[in-house]
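Open the structure in your viewer and get ready to select a few residues. We will go from stop to stop together.

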Amino acid sequence: MVTGAGAGPRAGRVRGERARGPSAALDMALRRRPSLVLLLLVVRGCLIRAVNLKSSNRSPVVQEFESVELSCIITDSQTNDPRIEWKKIQDEQTTYVFFDNKIQGDLTDRAELLGKTSLKIWNVTRTDSALYRCEVVARNDRKEIDEIVIELTVQVKPVAPVCRVPRAVPVGKAATLSCQEGEGFPRPHYSWYRNDVPLPTDSRANPRFRNSSFVLNPETGTLVFSAVHKEDSGQYYCIASNDAGSARCEEQDMEVYDLNIGGIIGGVLVVLTVLALITGGICCAYRRGYFISHNRNGESYKNPGKPDGVNYIRTDEEGDFRHKSSFVI
């Protein structure tokens, strides 16, 4: 057992090393192992002499006709004047955006380079939605090339949708209302309103619409009534909306009317009666000879055929035909 003065200096050294913390321990380890120092210096030198890129936003989202910055930042490089290129990847095709120190393609008048490497686009359109690749070539670095891909999404506000509402539907019959919009991006969702009151996706889920029987599909914009009721009459309109905005169609009236069964039966009977009277009249006219034609004297006459060499002459006295022979030499 060590006691007294012999234990004091050693315990003091231990307490001192603990007090100095991990940095002191690391310094002591480095002094004891020079090879570790050399390895760290080599790794650090390799990292410094490699070009590296980063981006503040790899998935920017912007609305149509606004401006956007595609961030591409060089964090490490020993090259003062690296070569910068931007490429657009869309529909499996790659085109230049920035090459040979100038803007290329359809962005010629709508883009510029910010700083050394970032790209800014003005007045973006839906056709600008694509992948953009920033490529940097640093000839003086051990790792000469690095690249980063940025996905740009351009949102488009919907336009006024096309709505189709039946004007009149008999009670108890099915009815379908449709709403379609083809310009918005992302694809819009649809909602229907009756007399300025929003309709639920299922009438059975809301006690307020317990007298109705409809289902609304917000993805397709169809509103389907399995059997309309008088309470379903009103003014209908649809709203298409996405993250960029919304648009609505004009209000259209749908009338639900009672079906008059008695009137329909009476109308059918009237038509059948009129047809029966017309048929009877035509039959009577045939029986009385109204559709048979007669000659002027009330009788018809047909000339008989005459053989060759025989002439028939009719005289007023005889009132009939007599035969006159002729000879053919």
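Select Asp 81, Pro 82, Arg 83, Ile 84, Glu 85, Phe 99, Asp 100, Asn 101 and Lys 116: they line the largest pocket of this predicted model. A pocket here is an open set of points on a 1 Å grid over the protein atoms alone, where a 1.4 Å probe fits, with protein on both sides within 12 Å along at least five of seven lines; lining residues have an atom within 4 Å of a point. The volume of this pocket is about 170 Å³, counted as the space filled by probe spheres set on the points. Now colour strand E5 (residues 83-90), which gives the most to the lining, with three residues.

Residues are numbered from 1 along each chain as its sequence is written. In this predicted model, local features need pLDDT of at least 70, side-chain atom pairs count only at pLDDT 80 or more, and totals for chains, interfaces and linings use all residues, while side-chain values use heavy atoms, leaving out hydrogens and water.

Next, select Tyr 193 and Tyr 237. How are these two rings arranged? They are stacked (centres within 6.5 Å, planes under 30 degrees apart), at 5.1 Å centre to centre and 5 degrees between the planes. Tyr 193 sits in strand E15 (residues 189-194) and Tyr 237 in strand E19 (residues 234-242), 44 residues apart. Tyr 237 is buried, with a relative accessible area of 6%; buried means under 20% with a 1.4 Å probe, protein chains only.

Finally, show Phe 209, Phe 214, Phe 225 and Tyr 236, which form one aromatic cluster.

Terms used. Helix = DSSP H or I, 4+ residues; strand = E, 2+ residues; numbered from the N terminus. Phe/Tyr/Trp six-rings, centres within 6.5 Å; stacked < 30°, edge-to-face > 60°. Buried < 20%, exposed > 50% of the residue type's maximum accessible area, 1.4 Å probe, protein only.
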